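Student: I have a new structure open and would like to learn how to read it. Could you walk me through it?

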Amino acid sequence: MENANEIKAKFIVKAANHPTDPEVDEILSKKGVTILPDVYANSRGVTISNFKWVQGFMWDKEKVNNELRMYMTNRFKDVKEMCRTHNCDMCMGAFTLGVNRVTRATVLRG
């Protein structure tokens, strides 16, 4: 937190699991820094694993990359929409979206 005010980046990608404190996120957000949350940034590998499992390893590399690009782009838009709806940063938007989806799936399962 000591050096949060010295950060000059316009974008930060959280590549580790929760690498900054909420206080630092708030300082950076107030400075206009866009922070891509760890749950989004790290989801690529899990998504590809799901593609392979669901498709039985039948897609070639180009198909996997095209599907991944489309999926990640759509999820980014979903997170941004959640942020607009709830007036929150991307980290909170991603977590809120995730919790909402798990809740919906739980209700639908009964």
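This is a predicted model: local features need pLDDT of at least 70, side-chain atom pairs count only at pLDDT 80 or more; totals for chains, interfaces and linings use all residues.

Student: What share of the residues in the protein is buried?

Tutor: Of the 110 residues, 25% are buried.

Student: How do I describe two packed helices?

Tutor: Two numbers are used, the angle between the axes and the distance between the axes. Take H3, residues 43–55, and H4, residues 61–86. They pack at an angle of about 125 degrees, and their axes are 11 Å apart. Angles of 65 to 115 degrees count as roughly perpendicular and those over 145 as roughly antiparallel, so H3 and H4 are oblique to each other. The crossing of H3 past H4 is right-handed.

Student: Which residues in H3 and H4 meet there?

Tutor: From H3 come Ser43, Arg44, Thr47, Ile48 and Phe51, and from H4 come Val64, Glu67, Leu68, Tyr71 and Met72. Sorted by class, this contact of H3 with H4 has six nonpolar, two polar and two charged residues.

Student: Let me pick Thr47 from that list. Is Thr47 buried or exposed?

Tutor: Thr47 has a relative accessible area of 9%. Buried means under 20%, so Thr47 is buried. Leaving out residues up to four places away in sequence, Thr47 touches Leu68, Tyr71 and Met72.

Student: How does H4 pack with H5, and at what angle?

Tutor: H5 covers residues 90–109. The angle between H4 and H5 is about 105 degrees, with their axes 8 Å apart. That angle makes H4 roughly perpendicular to H5. On the H4 side, the residues that meet H5 include Phe76, Val79 and Cys83, while those on the H5 side include Met90, Ala94 and Leu97. Divided by class, the residues of the contact of H4 with H5 are seven nonpolar, four polar and four charged.

Student: Where should I look for a nonpolar core?

Tutor: The general idea is that in soluble globular proteins, nonpolar side chains tend to be buried together. Here the largest nonpolar core has 13 residues, and Leu68, Val79 and Met90 have the most contacts inside it. H3, H4 and H5 are the elements that give two or more residues to this core. H4 gives the most, with six residues. There is also a second, separate core of six residues, which includes Ala4, Val24, Ile35 and Cys91.

Student: What is Met90 in contact with?

Tutor: Setting aside neighbours within four places in sequence, Met90 is in contact with Thr34, Ile35, Leu36, Pro37, Phe76, Val79, Lys80 and Cys83.

Technical notes
Residues are numbered from 1 along each chain as its sequence is written. Side-chain values use heavy atoms; hydrogens and water are left out. Helices (H or I, at least four residues) and strands (E, at least two) are DSSP runs, numbered from the N terminus. Buried means under 20% relative accessible area, exposed over 50%, partly exposed in between (1.4 Å probe, protein chains only). Contact means heavy atoms within 4.5 Å. Axes are lines fitted to C-alpha atoms, for helices over the stretch in contact, and angles run from 0 to 180 degrees between N-to-C directions. Angles under 35 degrees count as roughly parallel, over 145 as roughly antiparallel, 65 to 115 as roughly perpendicular and the rest as oblique. A crossing is left-handed if the near helix is turned anticlockwise from the far one by less than a right angle, and right-handed if clockwise. Ala, Val, Leu, Ile, Met, Phe, Trp, Tyr, Cys and Pro count as nonpolar, Asp, Glu, Lys and Arg as charged, and the others, Gly among them, as polar. A nonpolar core is a set of buried Ala, Val, Leu, Ile, Met, Phe, Trp, Tyr and Cys residues joined through side-chain atoms within 4.5 Å.
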